[in-house]
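Thanks for asking me to look over the aromatic contacts in this one. My notes follow below the structure.

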Amino acid sequence: MIEKFIPYFSRFQVPPAGSVFEALLDGPHDAVAHHAGARLLNPQPKGGPRALGMATGIMTTTPTLAVTSKGTVFAALRHRGVARSRDHGRTWEIVKPPDSGDDTHENGEHGFVHLDRDTDRVFYITWMTVRSFGERRPHWTRRTSGSYLSWTDDEGETWEHASLGHDTWDWPKILTGPAVHSTTEGYPNVIYFRAMYPKILGPLAKFYKSLDGGKTWAPTAQFACDGFEPGYGAVGPDGTIYLDEIYTLGWRSGWRGSPYPYRWKEQGRLRVVISRDEGDTWEHRVVTGAFCPLAFYGIQRVAVDRGGNLYAVWEDNRDGLPYLSISRDGGRTWSRRMMIAAPGVRHVQYQVNIAALEEGHIAISYLGSPRRFGFINLPYTPDGRPYSGYLCECFNALDPEPVFWSASLNDTSRPLIPWARLCDAVGEGMHVTFAPDGTPWAAFTRVVNPWFPIGPAVFYRTLPTDLYVGRFVRGQ
């Protein structure tokens, strides 16, 4: 199996369409049951899940996942397309959605995949290569405004497309959910597109929405937020949109036309950005007790379950550990924070992610280290700690004393990110999601060349990391 990795490890490029990879399996590893504060249950309950990791050998820096009702797994590549697995992650094929004239995913950036659970439609989006209407930046950047969106209703066999957001730039994301006050046509849900405005890095987050399945798009009435780059987002069962935002650069947003006043008391705090009217108006709610000024941009720190309960997770800069807080009233008030790291984890990387399914059923992923002390934990910079990819699942998060099942997806003696490295290795985005059968899946990047490139890997076309996915298995 390892022979299939070598050709692309030598070039460190996203592989061409049609390439097939057989994953190198790691595990399964037993999960342990614990309460908040890393308090192990004694005795351990029987029949707990086991964690299975899969090193794919597919070079990327922006892994997000979608698992359809048929069990097909799609993983976003940095550009070009998606990796698709029809056998629960054991083999992967590179699938490239077709171009539309000069608009293409080829050499794009920030590839992102989203699944509409109600319709099984899979979306894939990139920015930077929409030449049909893109405003070109100075020639050395080779970037255009706007994003190129593709979607499939048949497991990636055929694709439709749209070029959208002509006045937006990086960090494009797609969300879907029920309409609040609009009437949809030809497709049951509202499709939301969000990217940064008015230039690269924003700092304003601008929304567009489609009421006809992606054929036409119109901007919403107001910018969502201005603190830098918000997270992936989630839509509740009532159509409410939720985003996570580390309030970082609000002090300069007035220069870019932000409608929101600078709130210095919220600097460095985790905020949930909320719209209850399809993106026309927004409110910003600080998560009580969440302090994370060094995390900068959003990932997937908020999730909403089918009962409308809202969850937020983050790496707290005061002790470097992951925390969970819950809101039962749409983000207006929050529970006391709970430290949810697995026993033995002493520090986590700032990208803590969460997904929710039924009421109280959540999954959390993070990069965890047994080493407490190291360098400062900033985006794009090595911090001298080794990290493994952890997956955590809880079925009763709304109970007074919830039980968490946690495990590393990789053998911790071979961490995904070694302590000795010059590349940042983390990329821009990890992910956790649920398959329709309730199985949690997580995506990470794994370092395959720790000494190159120096500094932010996301600025290079030569990539030091590959796609590493994992899931919980039951009854084995």
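**Notes on the aromatic rings**

1. The charged end of K173 sits over the ring of W171, 3.6 Å from the ring centre. Here a charge sits over a ring if NZ of Lys or CZ of Arg is within 6 Å of the ring centre and within 35 degrees of the ring normal.

2. A word on conventions: this is a predicted model, with local features needing pLDDT of at least 70 and side-chain atom pairs counting only at pLDDT 80 or more, while totals for chains, interfaces and linings use all residues. Residues are numbered from 1 along each chain as its sequence is written, and side-chain values use heavy atoms, leaving out hydrogens and water.

3. Rings of Phe, Tyr and Trp (its six-membered ring) pair if their centres lie within 6.5 Å; planes under 30 degrees apart count as stacked, over 60 as edge-to-face and the rest as tilted. By this rule there are 10 aromatic pairs. In one of them, the ring centres of Y192 and F207 are 6.2 Å apart and the planes stand at 70 degrees, so this pair is edge-to-face.

4. That pair links distant parts of the chain, 15 residues apart: Y192 is in strand β15 (residues 190-197) and F207 in strand β16 (residues 204-210). Strands are DSSP runs (E, at least two residues), numbered from the N terminus. Both Y192 and F207 are buried, meaning under 20% relative accessible area, with exposed over 50% and partly exposed in between (1.4 Å probe, protein chains only). Y192, F207 and W282 form one aromatic cluster.

5. Y247 and Y262 make a stacked pair, 6.0 Å centre to centre with 25 degrees between the planes. Y247 is buried at 0% relative accessibility, whereas Y262, at 37%, is partly exposed. R271 lies over the face of Y247, 3.9 Å from the ring centre.

Key
Helix = DSSP H or I, 4+ residues; strand = E, 2+ residues; numbered from the N terminus.
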